[in-house]
Amino acid sequence: QVFVGNHMDNIFQLQLQSQGFPFQAVAITLDILQATSSRLSSIEILSDLFLAILLKYPQDLLPAVYLCTNRVAAPWEAVELGVGGSLISKAIMEVTSVSKETLRSLYKQYGDLGDVAQICCSRLQRLFKPNYLTAQHVYQSLRKIAQTNGVKSVSRKKNLIQSLLVASRSPEARYIVRILSQHIRVGAVEKTVIAALGRAFIILDAIRSNGEEITSRAQVQKYSIERKTETKLLVERMNRAFSECSDWERIITFLVNDTHSWNQLNEFCKLQPGTPLKPQLGKITKSVDEMIKDLGTDSDISCEWKYDGQRCQVHIIENGVVQLFSRHLEDMTSKYPDVVSSFADISGVTSAILDAEIVAVNPSHSQMYLPFQYLSTRARKDVQLNQITVQVRVIVFDLMFLNGVCLIEQSFRQRRQLLERHFRVRSVTLPETLISSQVNEVEAWLNRAISNGCEGLMCKALDGPNSVYYPSKRSEGWSKIKKDYVEGISDTMDLVPIAAWWGNGRKAGWLSPFLLACYYDGEFQSVCKVMSGFSDEEYKSLTEFYLRDKTLPIKPPYYQVDESLRPAIWLQACQVYVLSYEKKLNLTIP
Ligand code: ATP
């Protein structure tokens, strides 16, 4: 199989020398992707990689997809690499004998530990040529790193990292380190990966059904154009499958093994209790007027209080087991045993998937909601029922699955009726709701929500095409109105930069982020970091401005800074930034 003068050609040359799909081909692809800004080109580049894998090593497709999306497992599997920058730096120094000072100065120059690892490893003198790393081996090693715990786990993790770095060929070290630090910096977002996979599977199918050998990339291009319609259809199916069941393993295994029944993908990968779906999101609205114009023309509007807590997907599984998932699909069942017990035994419900918000409440007055900051002090896992200090209430606002039936294509009015019928029970709460499209009424309701400690309103279409549940979408059927967005009633904050860190990547060599503080009672108290909002020119001139003569050798006693923060540099308090939701960030230099 010979490809002509392109990326695929390289991949095939590499494959000839490796036992299994070479990780180097994945790393080269990621390098090319990093330099590509067009989404269509990114899809083709990634798709060529997936096609090459499918032709010879289809079992390596899943590891490659995980590596390209900067993951080693599904989010709910709780597989955490648990590797920090200092452990990676140690591994690099020991493998390459580079000094701490050199590593530091390279980091300051490049702002990315992956680039630093690549430079150090490419200078490595080896006595013998190591075997090619395969995608499968790198993936399994990363999983092993994640599963390493207990005695001497830090040094065992370091050994595993080192054995990967020692065997790396350019540019593998860059991506081994970037994946370890969970910051891959290429835009292989899920949508791009799905489009690339769809194209690869359809081209593979065309090649196979014509009984052809691939001898040129022109063939691939020809099929890509000829099979556009089939590709579009498969990509649509995959997008739907992925938003209802975000499980790469299930989707890829089906597509690899059941090549003749792709039209059944959505039957096989559909909503089911136990596998979380991507939650629907709402779009921002600046006024009640605007919201009513958007939602209310062919539907009644359900205006619900927007509670300031944590999004939670509640799954009641057939055998009575309850599982909870976060907005990012992580399993948080052990964080909320109290919420789990609220759903333990609801009569008439054998299985269900609900959308909900968990809110902290005042322990002596359970009708009073507390802000998210309070909820965030609860331990992240293994909370015991008898040791709970932060009391919560669960507000269920949608129902996507009930007793074996998927409800996402039903209207919100129908889902809400079922929600009311089955979940108006003592242990759970439904949101405070007003059904109205009258500006005055909704404005009064918004004020009431805010004065009860809520963020604003979530307004939802009850009927019509926008009222179905759209997994993973910022849907037209949900509008959020928050105090901060509503013209005229938003607050601004006057904050002063008092410290900063050195930037990474594009921002290497500039100060970013800045630590902002508010001036209160003779002290500057840290409030937040400002991570974005400046142009490159502004970063440059702010860095020059402070470095000229406005840095401080140590933290002054009147700077009160959260202990977990360790800024790289202290700054004189001499600028005021006005932060607002509406206008993003204004800079005033007094
Ligand atoms: P924000 O940071 O402004 O809360 P977000 O990016 O988390 O927004 P949005 O789609 O903008 O998500 O707002 C929806 C969020 O509001 C949901 O994720 C959920 O956590 C929360 N929420 C609170 N009450 C409700 C409700 N009644 N209906 C829907 N979502 C609600």
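**Close-up views of the predicted model**

View A. The model is predicted: local features need pLDDT of at least 70, side-chain atom pairs count only at pLDDT 80 or more, and totals for chains, interfaces and linings use all residues. Residues are numbered from 1 along each chain as its sequence is written. The ligand is surrounded by Leu281, Gly282, Glu304, Lys306, Tyr307, Arg311, Arg327, Glu357, Phe397, Pro431, Met458 and Lys480 (C-beta, placed from the backbone, within 6 Å). At least two residues of this shell come from each of strand E1 (281-284) and strand E2 (301-306) (strands, E, at least two residues, and helices, H or I, at least four, are DSSP runs numbered from the N terminus).

**View B. Five strands, E1 and E2 among them, form an open, mixed sheet.** The order across the sheet is E1-E11-E10-E2-E9 (strands pair if DSSP finds at least two bridges). E1 and strand E9 (433-435) lie at the edges with a single partner strand each, so one side of each has no neighbour in the sheet. On average, and with direction ignored, neighbouring strands are turned by 35° against each other (axes are lines fitted to C-alpha atoms, for helices over the stretch in contact; angles run from 0 to 180 degrees between N-to-C directions). Helix H20 (residues 439-451) packs on this sheet and touches E2, E9, E10 and E11 (contact: C-beta atoms, placed from the backbone, within 7 Å). The direction of H20 makes about 135° with that of E10.

**View C. Strand E11 pairs with E1 and with E10.** E1 and E11 run parallel and are joined by four bridges. Within this part of the sheet, Leu281 stands opposite Arg474 in E11; Leu281 also belongs to the ligand shell. Strand E10 (residues 456-461) and strand E11 (residues 474-482) run antiparallel, with five bridges between them. Ile481 in E11 is the bridge partner of Leu457. Met458 stands opposite Lys480 in E11, and both Met458 and Lys480 are among the residues that surround the ligand.

**View D. Helices H5 and H7 are roughly parallel to each other.** The axes of helix H5 (residues 85-96) and helix H7 (residues 113-122) come within 10 Å and cross at roughly 10°; H5 and H7 therefore count as roughly parallel (angles under 35 degrees; over 145 is roughly antiparallel, 65 to 115 roughly perpendicular, the rest oblique). H5 contributes Gly85, Ile88, Ile92 and Thr96 to the contact, and H7 contributes Leu113, Val116, Ala117, Cys120 and Cys121. Seven of these contact residues are nonpolar, two are polar and none is charged.

**View E. Helices H2 and H10 are roughly perpendicular.** Helix H2 (residues 23-34) and helix H10 (residues 172-180) have axes that come within 9 Å and cross at roughly 80°, which makes H2 roughly perpendicular to H10. On the H2 side the contact comprises Phe23, Gln24, Ala27 and Leu30, and on the H10 side Glu172, Arg174 and Tyr175. The contact of H2 with H10 has four nonpolar, one polar and two charged residues.

Definitions and conventions:
Two residues are in contact if their C-beta atoms, placed from the backbone, lie within 7 Å. Ala, Val, Leu, Ile, Met, Phe, Trp, Tyr, Cys and Pro count as nonpolar, Asp, Glu, Lys and Arg as charged, and the others, Gly among them, as polar.
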